[in-house]
Amino acid sequence: MTANTLAGGTFTMAEGLTVGRMGYGAMQLAGPGVFGPPADRDAAVAVLREAVELGVNHIDTADFYGPHVTNEIIREALHPYDGLVVVTKVGAIRDAEGAWVHAREPEQLRAQVHDNLRNLGVDALDVVNLRVGGGDDGHSAVPGSIAEPFTALVELQQQGLIKHLGISTVNAEQVAEAQSIAPIVCVQNAYNVAHREDDELVDSLAAQGIAYVPYFPLGGFSPLQSEALDAVAARLGSTPMAVALAWLLHRSPNILLIPGTSSIEHLRDNVAAATLDLPADALAELDAIG
């Protein structure tokens with residue numbers, strides 16, 4: 001597969017692990033509620049292949065999307081992943097009704113890593129994020145030690161099943177705890193122009209050369225209601241999503257984006273956000289939202 005050069009620049013997560021800052025998140029390739037198969041599997045395959053043609057080389061997934069569905073579609077569309085970095089996450093499973101269930105015991109994490117290996121069709125996973133947290137909204141950091149589950153992933157890394165480690169839905173103390181056990185290459189948390197509780201963490205990680213990967217760039221399941229964002233988008237002849245993505249790229253050079261969609265049209269719009277110029281007055285308005 002021949003990929004074009006993607007606007008937005010690149011970031012080196014580790015030696016031999018350089019990705020475009022505009023990636024793609026595969027969550028929306030599963031069925032409604034991220035559960036079951038999509039209505040049109042061929043369309044999902046086409047979205048992934050179009051992403052690569054547009055220059056995307058960072059694909060974010062999880063075997064609990066579906067479950068198993070997105071990884072199987074990624075394998076069909078992109079295997080053997082030449083030039084691609086596939087980042088997955090563990091720490092949850094789905095029950096029979098589709099509920100998200102924490103699963104962070106060492107034996108559960110080992111099983112999830114092997115599920116990812118099998119369904120992606122690889123011998124070693126590029127990056128595995130340990131997803132913790134949750135809270136009342138499902139995506140907030142919850143204080144407490146993550147040493148036991150993170151150490152379980154370190155052991156799998158030592159066995160050669162994982163190349164690099166990251167953590168997700170964590171606070172600064174948990175980041176420091178993980179780093180005291182083993183190096184991490186990324187942190188994946190909920191963050192956007194209006195919800196910026198991680199501002200200090202973004203800057204701290206940037207100083208260390210560690211990627212910060214925000215999910216829910218436009219609010220996720222509860223879309224942002226921001227008159228300022230809408231006004232900037234209208235003035236620039238763009239969309240709130242494109243402006244929100246462009247703001248994140250401007251926010252810090254270590255921020256990597258993984259917007260998701262099941263539509264080729266929306267995919268192209270998202271990728272085009274990497275070329276959107278935000279003038280100083282627009283940036284000032286957007287910075288004031290948070």
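Predicted model: local features only at pLDDT ≥ 70, side-chain atom pairs only at ≥ 80, totals over all residues.
## Overall form

The chain contains 10 helices and 11 strands. Its C-alpha trace extends over about 50 × 45 × 40 Å along the principal axes. A compact globule of 290 residues would have a radius of gyration near 19 Å, and the 18 Å of the chain therefore agrees with that expectation.

Of the 290 residues, 52% are buried. Contacts between residues at least 6 apart in sequence were also examined: 73% of them join residues at least 24 apart.

## Helices H1 and H9

Helix H1 covers residues 41-53 and helix H9 covers residues 264-272; their axes come within 10 Å and cross at roughly 25°. An angle under 35 degrees counts as roughly parallel, and H1 and H9 are therefore roughly parallel to each other. The crossing of H1 past H9 is right-handed.

On the H1 side, the contact is made by Ala46, Val47, Glu50 and Ala51, and on the H9 side by Ile264, Leu267 and Arg268. By class, five residues in this contact of H1 with H9 are nonpolar, none is polar and two are charged.

## Helices H3 and H4

Helix H3, residues 106-120, packs against H4 at an angle of about 45°, with the two axes 9 Å apart. That angle makes H3 oblique to H4. H3 passes H4 in a crossing that is right-handed.

H3 contributes Pro106, Leu109, Arg110 and Val113 to the contact, while H4 contributes Glu148, Pro149, Ala152, Leu153, Glu155 and Leu156. Seven of the residues in the contact of H3 with H4 are nonpolar and three are charged, with no polar residue.

## Helices H8 and H10

Helix H8 (residues 240-251) and helix H10 (residues 280-289) have axes 11 Å apart and pack at an angle of about 90°. Angles of 65 to 115 degrees count as roughly perpendicular, and H8 and H10 are therefore roughly perpendicular to each other.

Within this pair, Val243, Trp247 and His250 of H8 meet Leu283, Leu286 and Asp287 of H10. The contact of H8 with H10 comprises four nonpolar residues, one polar residue and one charged residue.

## Cis peptide bonds

Gly66 and Pro67 are joined by a cis peptide bond, with omega about -10°. Pro67 is situated in the loop between strand E4 (58-60) and helix H2 (69-78).

A cis peptide bond also runs from His79 to Pro80, where omega is near 15°. Pro80 belongs to the loop between H2 and strand E5 (85-90).

## Positive phi in loops

Val34 is a residue other than glycine, yet its phi is positive, near 60°. Val34 lies in the loop between strand E3 (24-25) and H1. The relative accessible area of Val34 is 7%, and this residue is therefore buried.

Phe216, which is not a glycine, has a positive phi of about 60°. Its place is in the loop between strand E11 (211-215) and helix H7 (227-236). Phe216 is buried because its relative accessible area is 15%, and the cut-off for buried is under 20%.

## An exposed loop residue

Gln159 occupies the loop between helix H4 (147-158) and strand E9 (162-168). With a relative accessible area of 54%, Gln159 is exposed. From C-alpha to C-alpha, Gln159 and Pro217 are 35 Å apart in space, and they are 58 residues apart in sequence.

Notes: Residues numbered from 1 in each chain as written. Heavy atoms only, no water. Axes fitted to C-alpha atoms, helices over the stretch in contact; angles between N-to-C directions. Helix = DSSP H or I, 4+ residues; strand = E, 2+ residues; numbered from the N terminus. Parallel < 35°, antiparallel > 145°, perpendicular 65-115°, else oblique. Left-handed = near helix turned anticlockwise from the far one by under 90°. Contact = heavy atoms within 4.5 Å. Nonpolar A, V, L, I, M, F, W, Y, C, P; charged D, E, K, R; others polar. Rg over C-alpha atoms; globule rule 2.2 N^0.38 Å. Buried < 20%, exposed > 50% of the residue type's maximum accessible area, 1.4 Å probe, protein only.
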